[in-house]
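Hi,

Here is the structure I promised to pass on.

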Amino acid sequence: MHTLRASKYGLSIKQLPSSIVEVIDALTKAGYNAYIVGGGVRDLMLGLQPKDFDAVTNATPAQVKEVFGRRCRIIGRRFELAHVYVGRDLIEVATFRAPPKKAVTSAQGMILRDNNWGTIEQDFVRRDFSINAMYYQPRKGEILDFCDAIQDVSKKTLRLLGDPALRFEEDPVRMLRTLRFSAKLNFHIAPEILDVFTPEMTQLLRDVSPHRLYDESQKLFTMGHLQRVLPLLIDFGIWKQLFAEVRPKVTTFIELAAKNTDQRIQIGKTINPAFFYAVLLWEKFLERCDEYLKKGIVPAEARAQASLDVLKRQSTRTVIPRFAETFIREVWEMQTRLLNPKPQQIQALAGHARFRAGFDFLLLREKAGDLSTEGMGQWWDAYQTLTNDEKEKAIAQYNRGRAKKRRTATVSDEAETQTEMAPLVVEREGRRSRSPSRQRTESASSTRRVESNPSHAATSDIDHNHPILKRKRVQRDLTQVVFGPTQ
Ligand code: ATP
Ligand code: MG
């Protein structure tokens, strides 16, 4: 074990938020050992801005709770942790872990429960990569390095602690973490990891809960190096495991969306990971729409059903939370609205809560060479920069162009028959928990119920007194609609 002088590597207590220092100090004062560990130390060493700081201690979660009282909450079952609230910050405090007992690993060697407390020496070998296993005591200005992590930092090498095959078997998510850190830090992956990182090994990800995989996918999307990690996901066969239904190809559209996401993060803008899911699944959604249209289903219903199908299939890999699913469906639905809006709806559309995301999506499609947007991405782009007078003129001009197009085209577009702006997405309740047959009939009737009573519709962003909602709604006969199987 080496004790490194923190200042020699550019680390100082002054760089740290007061919340983490307060937690370390309080635990130390209560007689425990406490360190900052993981990504916080690693990123400071590399001159990056850490996302957060995690603490580790020899106090058990119950003892941590004794120290912080009501500011502490114990969470997790498989991996018990203490959450300590300091002002607006939340600090995760883990307890040193010893090797898991045999009884709590699965037949494949996956660790199912991991609450066997231990010493710092036992704890470091349990961590994934050497660079994530440095323990920093900011008051003492010391970093404890048990595994020559500092060498890997200087050589920019991602090295798993212990036998790589065993470590992947214990927790297959480490494969995702390998690619994430390699892309984020621009580190090369140690050869002994590459040796075992086979397509067979990636199959183990099937045993990981789709909830956890969604969390990991979010981390991949939001780390700021999405563009760099996407080809790695394909090359290592992880893509197939995470997005089984999506063609493993970084299309121009996906590439542009990834670039855009990374740029937004770089300038400190927030991003919604669901947006990238909307991009990834778009092609599949269009395919599914086509299938329904070919069966003679009306376009609006085809879109609604296709979006439900695609998201349902994706949820067998990564469970997208309900609010994120709604967001994705709204972004997709916005594409139709923005492509061929009724002139009198243009203003309302531009003020819609989902306009920005829908417009960004449309523009990305257009920039990626999707001709089916008919230049409407640029039209909306320009529209937003106009004064009110100019907007009226632009709408009038748009209307004339549209009338002309209508005269030449014989097929009447579906948007024409809509008399008012319907909610973008109609929620169907309880579709996950119920049996498919019951769900099918119930979702049909609940859709009808929602449509006939718009105040119950998913219009959280439209006030229920809004005139749009008071107008009479066209009833669609959903008994004629085929709710197809999704498998
Ligand atoms: P970042 O927060 O920048 O994504 P991180 O390294 O801090 O990266 P966390 O998921 O916050 O990652 O985990 C904190 C630390 O816990 C890691 O640095 C590592 O030491 C340990 N750890 C996390 N996940 C695992 C895992 N699956 N296997 C082994 N150790 C892990
Ligand atoms: Mg972290």
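**What I found**

Asp 148 is partly exposed, because its relative accessible area is 32% (the class runs between buried, under 20%, and exposed, over 50%, with a 1.4 Å probe and protein chains only). Before I go on, some ground rules: this is a predicted model, where local features need pLDDT of at least 70 and side-chain atom pairs count only at pLDDT 80 or more, while totals for chains, interfaces and linings use all residues. Residues are numbered from 1 along each chain as its sequence is written, chains are lettered from A and ligands numbered from 1 in the order in which they are written, and side-chain values use heavy atoms, with hydrogens and water left out.

You will find Asp 148 in the loop between β8 and α5 (149-155). (Helices are DSSP runs of H or I with at least four residues, strands are runs of E with at least two, and both are numbered from the N terminus.)

Glu 374 is not a glycine either, yet has a positive phi of about 50°. Glu 374 sits in the loop between α18 (355-367) and α19 (376-383), and is exposed, with a relative accessible area of 53%. Gly 375 is in the loop between α18 and α19 too, and counts as partly exposed at 37% relative accessibility. From C-alpha to C-alpha, Gly 375 is 8.8 Å from Leu 363, with the two twelve residues apart in sequence.

Ile 234 belongs to helix α11 (residues 226-235) and is partly exposed at 25% relative accessibility. Between the C-alpha atoms of Ile 234 and Pro 248 there are 6.1 Å, and in sequence the two are 14 residues apart.

**Around the ligand**

- A nitrogen atom of ligand 1 is 2.8 Å from an N or O atom in the Asp 171 side chain.
- An oxygen atom of ligand 1 is 3.0 Å from a polar backbone atom of Asn 132.
- An oxygen atom of ligand 1 is 3.2 Å from a polar side-chain atom of Lys 184.

On its own, ligand 1 exposes 590 Å², and the protein buries 84% of that (Shrake-Rupley areas with a 1.4 Å probe).

**Strands**

Strand β8 (residues 142-145) runs antiparallel to β1 (residues 2-5), with four bridges joining them (strands pair if DSSP finds at least two bridges between them). Thr 3 is opposite Leu 144 of β8. Over four bridges, β8 also pairs in the antiparallel sense with β7 (residues 134-137), and Gln 137 has Glu 142 as its bridge partner in β8. β7 and β8 make a hairpin with four residues between them, and Gly 141 in the turn has a positive phi of about 65°.

**Aromatics**

How many aromatic pairs does the structure hold? There are 23 (rings of Phe, Tyr and Trp, for Trp the six-membered ring, pair if their centres lie within 6.5 Å; planes under 30 degrees apart are stacked, over 60 edge-to-face, the rest tilted). Phe 168 and Phe 197 are edge-to-face, at 5.3 Å centre to centre and 65° between the planes. Phe 168 lies in helix α6 (residues 164-170) and Phe 197 in the loop between α8 (191-196) and α9 (199-202), so this pair ties together parts 29 residues apart in sequence. Both Phe 168 and Phe 197 are buried.

Phe 221 and Phe 243 are stacked, because their ring centres are 6.2 Å apart and their planes at 25°. One aromatic cluster takes in Tyr 214, Phe 221, Trp 239, Phe 243, Phe 276 and Tyr 277.

Cheers

How values were computed. Polar contact = N/O pair within 3.5 Å; in protein donor to acceptor, adjacent residues only side chain to side chain.
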